[in-house]
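User: I would like to learn how to read the features of this model, taking the sheets and the helices in turn. Could you give me the general idea each time and then the case at hand?

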Amino acid sequence: MLYYIRRKLLHLIPITFAVTALSFFFIDLLPGDVADAIAGVGTDNAVVDEAVVQAIREDLGLDRPILNRYFSWLGGAFTGELGKSYQTGQSVSDAIGLRLPVTLQLLVMAQCMAVLFAVPAGILAAYRAGKATDKFVTTLAFAFLAAPSFIIAIILAFLFAVILNWFPATGYVPFSEDLIGNLRSFFLPALALALIEWPILSRVLRNDLIETLQEDFILLAKAKGLSYGYILLRHALRPSSFTLITIVGIQLGNLISGAVIVESIFALPGIGTLLVASIHAREILMVQGIIVIMAVAYVVINLVVDILYGALDPRIRQ
Amino acid sequence: MKRMIKLITLGLVGALIITTTAFAQTKGGTLTVGMDRPMTGFDSSMNPRPEYNRRNAMFPVYEDLFSQGADGKLVPVLGSSVKSSPDKKNWTVKLKKGIRFSNGEAFDASAYVVHFKRYQKSKAWGFLRGMVGPIKEVVAKDSHTVEFRMLRPFPAFAAILSNPVYPMWANAPKHSAKVGKELNRQPVGTGPYLLSNWTPGVSITYVKNPNYRDPKSQHLDKIVFKVIKGELPRLNSVKSGAIDVMLTRDGKTASQAKKDPNLQVLTELVGGTTTIEFNTSRPPLNDVRVRKALAHAVNRRADLKASNDGFGIPSTDWFGPGSKWYCGGKTGYPEFNPGKAKGLLRAYGKPVKFKMVTMPIKNFIVGAKLHQTFWKRMGIEVELKVVPPGPAYFRAVRSGRFDAWLVGISEAVDPGLQGQAFFSKNRGNSTKSNFPDVDAALKKAWRSFKDDGTRKAAYCDYVRAVVKQQPILFRAHNNFAVIAGKKVKGLKKSSLTLTRLHKAWLAR
């Protein structure tokens with residue numbers, strides 16, 4: 001297992017190298033840069049001398065060849081120095097450090113909620129396969145699957161924050177300040193993500209459960225006179241949850257993209273909003289830092305999923 | 001006797017009103033304001049952009065030299081008096097004594113000298129000069145007298161001194177020297193509040209300035225600016241009480257807020273205008289008949305309704321009806337007249353086809369498409385290209401690939417700072433205007449600085465000259481709204497999109 005983990009972690013090196021290089025070069029292809037933004041190009045009636053923009057560019061080292069800039073950044077990244085924001089002077093590590101816990105909490109809460117919805121719905125649909133209950137759960141799942149996360153987020157905010165006033169429409173309360181306030185501020189965003197997430201998990205679990213329920217050992221359990229509920233939960237659920245776990249892992253990564261929108265709507269200061277703002281402001285160092293974190297997160301999540309496989313099925317460990 | 005009783009009664013009623021108001025100004029609490037864009041920094045030499053979120057978020061820390069009373073006269077704030085030389089080249093400002101920055105440093109003439117020397121050395125000086133005028137140097141005449149020396153006669157400086165023009169907001173000199181570039185993150189002004197915490201892209205927290213000279217006016221314990229992107233999330237936040245105030249330029253948001261009885265909406269007809277500018281140097285837009293036809297072909301009320309929910313009024317010059325420089329709509333701006341447009345195009349006699357660029361923001365893209373539709377009805381073919389806002393957009397405009405482009409023009413504090421883009425010798429003459437009558441009118445406006453009446457007449461002549469040549473189509477005056485929950489008291493209407501939020505208080 002250790003060899004396996006080491007090998008997976010080694011994958012991080014080429015992955016990080018590839019994604020950071022690609023993002024660095026692609027951002028550089030965009031017209032304009034942070035020097036324009038600093039000089040005021042693009043503001044209402046700004047007439048900015050090109051020499052001013054060029055001087056700022058030189059000041060920030062943006063006039064150096066792109067390869068030179070990339071390797072200089074990479075060198076710094078290896079020593080843990082991810083650079084500073086050109087505009088605000090805030091260190092990239094500090095910015096990410098402040099926002100990462102917010103996104104992590106959002107993703108974990110969203111995924112937990114999604115699993116909480118998906119498992120009972122999947123079991124119910126499998127148990128009543130082909131019947132009205134199954135059809136109802138399937139229709140509901142497809143309805144949520146088809147709805148974009150931002151629509152769900154807006155509806156939730158309107159309903160639960162504006163009309164009912166049960167949860168805040170926006171804002172973030174740190175865990176350390178107020179636990180209840182923290183959970184309240186995360187509830188709607190996490191729910192918005194969970195509602196688009198659970199249908200896939202539920203469908204996967206339903207299909208796997210239906211297959212498992214046709215296995216011989218289930219027949220044996222039935223012959224032993226065990227209750228159907230017991231068979232479902234104790235015998236069928238575990239072998240049917242491999243795909244579910246894989247999808248939970250993969251989707252956790254995909255949720256980051258959904259989180260970008262949901263974080264914006266609920267004004268949660270997470271990695272997603274930081275990434276969007278940094279791309280708009282051409283804060284290339286900030287974007288690079290976030291991409292490194294995301295790449296690492298993807299690899300680590302997949303590693304955890306693989307380890308979980310082993311825990312669930314000893315045959316995989318061997 | 002009767003008169004005496006009347007006076008006493010009036011006095012008592014007045015005293016009662018004043019006392020009630022004073023008691024109503026409750027102390028304490030945190031005012032939370034939703035910002036649409038993140039703060040980029042407090043040092044205007046590093047972040048010169050005049051974006052309204054940034055200016056509003058900076059305001060609690062700083063103060064102006066003067067403000068303007070309802071009668072338009074100067075009201076002393078940090079300055080006590082101002083005098084100009086007869087040729088309006090030198091402006092002498094006496095500063096109030098005994099004022100301190102929030103870190104305890106004395107506010108005096110040398111602070112202003114240091115402040116402007118920093119700016120003049122910075123790369124943003126060319127940009128900032130567009131807001132404070134052609135300042136050559138700033139000199140301390142004595143400890144509390146500062147002289148602003150201009151490169152040329154500059155009557156507009158009176159307006160700059162009395163309006164919230166953010167490059168005029170001084171930082172504590174010793175602190176500036178000590179922290180260097182970090183001033184962008186650690187501002188120190190004379191304002192009623194001081195920066196307690198700034199998490200870029202998330203929030204800014206201000207607390208009371210303990211050295212403020214008028215503690216009675218510091219009603220709030222804290223002011224927090226939170227970044228909440230998007231109009232709807234911010235409006236929902238005000239409605240649900242997650243924030244107290246939001247600022248917006250969006251008509252739909254303001255209309256929605258007005259319908260909610262739990263909200264208060266203070267709107268400002270800011271002036272400034274959204275426009276469409278033309279490259280007048282090449283066919284077909286080098287012909288004034290075509291440009292006039294384009295103006296006559298568009299129903300601007302329909303444009304305003306579609307692009308900003310009718311929030312505002314069609315514009316006829318750069319200043320709006322709320323400004324003393326407004327030309328009263330008498331600039332000869334062409335009204336909607338499709339028949340006249342067709343006649344002008346017939347007189348031109350050639351097919352009209354050109355390329356226009358816009359940004360993917362609602363007001364602009366809807367406006368551009370609507371103009372395209374109106375022009376199509378006249379047989380004019382317009383190829384529309386959408387380019388992201390910001391640097392990319394202005395590069396596209398300057399590239400020469402487009403014949404027309406949409407642009408917003410902010411209202412300046414004085415005509416002396418506005419409209420120079422149509423002067424043939426101006427570096428920012430993006431419309432490539434070369435009209436002797438426009439140049440002559442602008443030169444006359446620059447030279448007229450006897451009194452405001454003469455200046456306004458000269459400025460309006462200039463606007464009429466521009467409208468006659470039509471290198472620009474005026475769309476609508478930019479509106480601005482402050483939306484707040486009912487518990488926020490003491491809110492004043494914004495001035496040039498700047499709101500003195502730090503003067504508000506919260507009802508218990």
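**Reading strands, helices and burial**

Analyst: Leu266(B) stands opposite Val482(B) in β16(B), and this is a predicted model, in which local features need pLDDT of at least 70, side-chain atom pairs count only at pLDDT 80 or more, and totals for chains, interfaces and linings use all residues. Residues are numbered from 1 along each chain as its sequence is written, while chains are lettered from A and ligands numbered from 1 in the order in which they are written.

User: Which strand does β16(B) join through 12 bridges, and in which direction do the two run?

Analyst: Strands of a sheet pair through backbone hydrogen bonds, either parallel or antiparallel. Here strand β12 (residues 263-278) of chain B is joined by 12 bridges to strand β16 (residues 472-485) of chain B, and the two run antiparallel; strands are DSSP runs of E with at least two residues, helices are runs of H or I with at least four, and both are numbered from the N terminus. Strand β12(B) is also joined by six bridges to strand β15 (residues 404-409) of chain B, again antiparallel, with Glu277(B) opposite Trp405(B) in β15(B).

User: What is the order of the open sheet of 10 strands in chain B?

Analyst: That sheet has the order β8-β9-β10-β1-β11-β16-β12-β15-β13-β14 in chain B, with mixed pairing, where two strands pair if DSSP finds at least two bridges between them. Its edge strands, each pairing on one side only, are β8 (193-199) and β14 (381-386) of chain B, and the twist averages 20° from one strand to the next. A parallel pair is found between strand β1 (residues 30-35) and strand β11 (residues 245-248) of chain B, which are joined by two bridges, with Gly34(B) opposite Met246(B) in β11(B).

User: Which helix packs on the open sheet of four strands?

Analyst: The sheet itself runs β4-β5-β7-β6 in chain B, with antiparallel pairing; β4 (79-84) and β6 (135-142) of chain B are the edge strands, and the twist averages 20° from one strand to the next. Within this sheet, five bridges join strand β5 (residues 90-95) to strand β7 (residues 145-150) of chain B, and Lys94(B) stands opposite Thr145(B) in β7(B). Helix α3 (residues 109-121) of chain B packs on the sheet, touching β5, β6 and β7 of chain B, and its direction makes about 160° with that of β6(B).

User: How should I read two helices that pack together, and at what angle do the axes of α14(B) and α15(B) cross?

Analyst: Two packed helices are described by the angle between their axes and the distance between the axes. The axes of α14 (residues 436-447) and α15 (residues 452-469) of chain B come within 8 Å and cross at roughly 165°; axes are lines fitted to C-alpha atoms, for helices over the stretch in contact, with angles from 0 to 180 degrees between N-to-C directions. The two helices are therefore roughly antiparallel to each other, given that angles under 35 degrees count as roughly parallel, over 145 as roughly antiparallel, 65 to 115 as roughly perpendicular and the rest as oblique. Helix α14(B) passes α15(B) in a left-handed crossing, a term for a near helix turned anticlockwise from the far one by less than a right angle, whereas clockwise is right-handed.

User: Are α5(A) and α11(A) parallel or oblique to each other?

Analyst: The axes of α5 (residues 92-127) and α11 (residues 242-265) of chain A come within 10 Å and cross at roughly 125°, and the helices are therefore oblique to each other. The crossing is right-handed. Residues of α5(A), including Leu106(A) and Ala110(A), meet Val248(A), Leu252(A), Leu255(A) and Ala259(A) in α11(A), a contact requiring C-beta atoms, placed from the backbone, within 7 Å.

User: Is Val92(A) buried or exposed?

Analyst: Val92(A), which has its place in helix α5 of chain A, counts as buried because 26 C-beta neighbours lie inside 10 Å; the cut-off for buried is 20 or more other C-beta atoms within 10 Å, for exposed 12 or fewer, with partly exposed in between, and C-beta atoms are placed from the backbone. Leaving aside neighbours within four places in sequence, the contacts of Val92(A) include Leu82(A), Leu285(A) and Met286(A), while Gln288(A), 196 residues away in sequence, is 9.2 Å from Val92(A), C-alpha to C-alpha. Across chain A, 38% of the 318 residues count as buried.

Notes:
Contact = placed C-beta atoms within 7 Å.
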